[in-house]
Structure formats: structure tokens, C-alpha cells
Amino acid sequence: MVKKILIALGIALVLIQFFQIDKTANTDNSSHLNTKYPVPEDVGVLLKNACYNCHSNSVQYPWYSRIQPIGWWLNHHIEEGRGELNFSNFTSGPIARQNHKFEEIIDVVKEKEMPLPSYTWLGLHPEAKLTDSDRANITMWAQMQLDLIARQYPADSLKRKKR
């Protein structure tokens, strides 16, 4: 009986390999973060290395994304990340949302909630590991963007409306 279960499980694992994730990239960058906000080169490199694989349309899928069900889990994780913050369409939302996203960037980077620890497990994505100095650079840059927004827009326009 155990042998039949293991054979069935093996066959199922082989069959699911034929159901790959869609890796088609959206190349529209007309609402990208850097179309409206200045991003210094050093901060841009940090964002690209530590954030863009889950929070942009410029995902570089790793080799193990071709192995199911890992690829499905990874794709779901990326879709959730983009749902929270997508640097590729950052400026398409209202200014209150942009303002709030900068506040969130500061919070999650300072609190070391991002990048997720699972992203760098087992030595994967070593370029995404942020030092304290890297975190300080990102948070200082995000705070400068908040200050820029505060100077350009009335305070009441920066508050998110309750739903």
C-alpha cells in the first residue's frame, strides 16, 4: 500500500511540472517610482537588489521557480508583494497612497521586516541582505520623499480616506 502511494505521489509530482507559472513581464514603466521621485544611484541599486523581485514588474525568477509546487508558492508570494507595493506603478495612485507607501517603506525597512528573512534563507539572494547602513540610506531617502511631498501638497490631501 505504501509503495502504491509513493508511486502515485511521484507521478503527481512529475505531472505538475507541466503547469508552469506565467513569467510574462509587464514592461510598462510609465508610472515607475523614478518617473516622479529622484532615486540616487546607491538607493536605486539597493531597491533593485532587495525589493524589485517581489515589488515590481521587473522580476528575475530564480532557477527553482521552474520546480512545482515551489514556483506556484513563489508566484503567489510575488503577487502578494506587488499588491502591497509595486514600484513599477507607484505613481499611478493618489498622492495620499504614495505618501503612505513611503511611510510604510520607512517602517518595514527600519524594523527589518523587509526583505523577508525567507528571501535570503540558505544563502539565496545574498545581494538582498541589507546592512544597517543600507537600511539607513533607504529610510533617509524615503523620508526625503515624504518631506518633498509635504512641501508640494496640502496636508489634507496626504491623508488616506477611510473606506
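Where is Glu-111 found? Select it and you land in the loop between α5 (95-110) and α6 (132-152). Helices here are DSSP runs of H or I with at least four residues, numbered from the N terminus.

Before moving on, some ground rules. This is a predicted model, where local features need pLDDT of at least 70 and side-chain atom pairs count only at pLDDT 80 or more, while totals for chains, interfaces and linings use all residues. Residues are numbered from 1 along each chain as its sequence is written, and side-chain values use heavy atoms, with hydrogens and water left out.

Stop 1: Glu-111 is exposed because its relative accessibility is 55% (buried is under 20%, exposed over 50%, partly exposed in between, with a 1.4 Å probe and protein chains only). Patch members have over 30% relative accessible area and no salt bridge, and like charges are joined within 9 Å, taking CG of Asp or CD of Glu as the place of the charge.

**Stop 2: the salt bridges.** How many salt bridges does a search of the whole structure find? There are 2, each defined as a side-chain nitrogen of Lys or Arg within 4 Å of a carboxyl oxygen of Asp or Glu.

Pick Asp-132 and Lys-112 for one of them, with the closest N and O atoms 3.3 Å apart. This pair links distant parts of the chain, as Asp-132 sits in helix α6 and Lys-112 in the loop between α5 and α6, 20 residues apart. Asp-132 is exposed at 55%; Lys-112 is partly exposed at 47%.

Then try Glu-104 and Lys-101, whose closest N and O atoms are 3.0 Å apart. They are 3 residues apart in helix α5, so about one helical turn separates them. Glu-104 is partly exposed at 27%, but Lys-101 is buried at 8%.

**Stop 3: the nonpolar patch.** Select Ile-7, Ile-11, Val-14, Leu-15, Phe-18, Phe-19 and Trp-72, and you have a nonpolar surface patch of about 760 Å². Nonpolar side chains are joined within 5 Å, and the areas come from the Shrake-Rupley method with a 1.4 Å probe. Helix α1 (residues 2-15) gives the most, with 4 residues. Leu-15 is in helix α1 and partly exposed at 47%.

**Stop 4: Asn-75.** Leaving aside neighbours within four places in sequence, Asn-75 contacts Ile-21, Asp-22 and Tyr-61 (contact means heavy atoms within 4.5 Å).

Terms used. Helix = DSSP H or I, 4+ residues; strand = E, 2+ residues; numbered from the N terminus.
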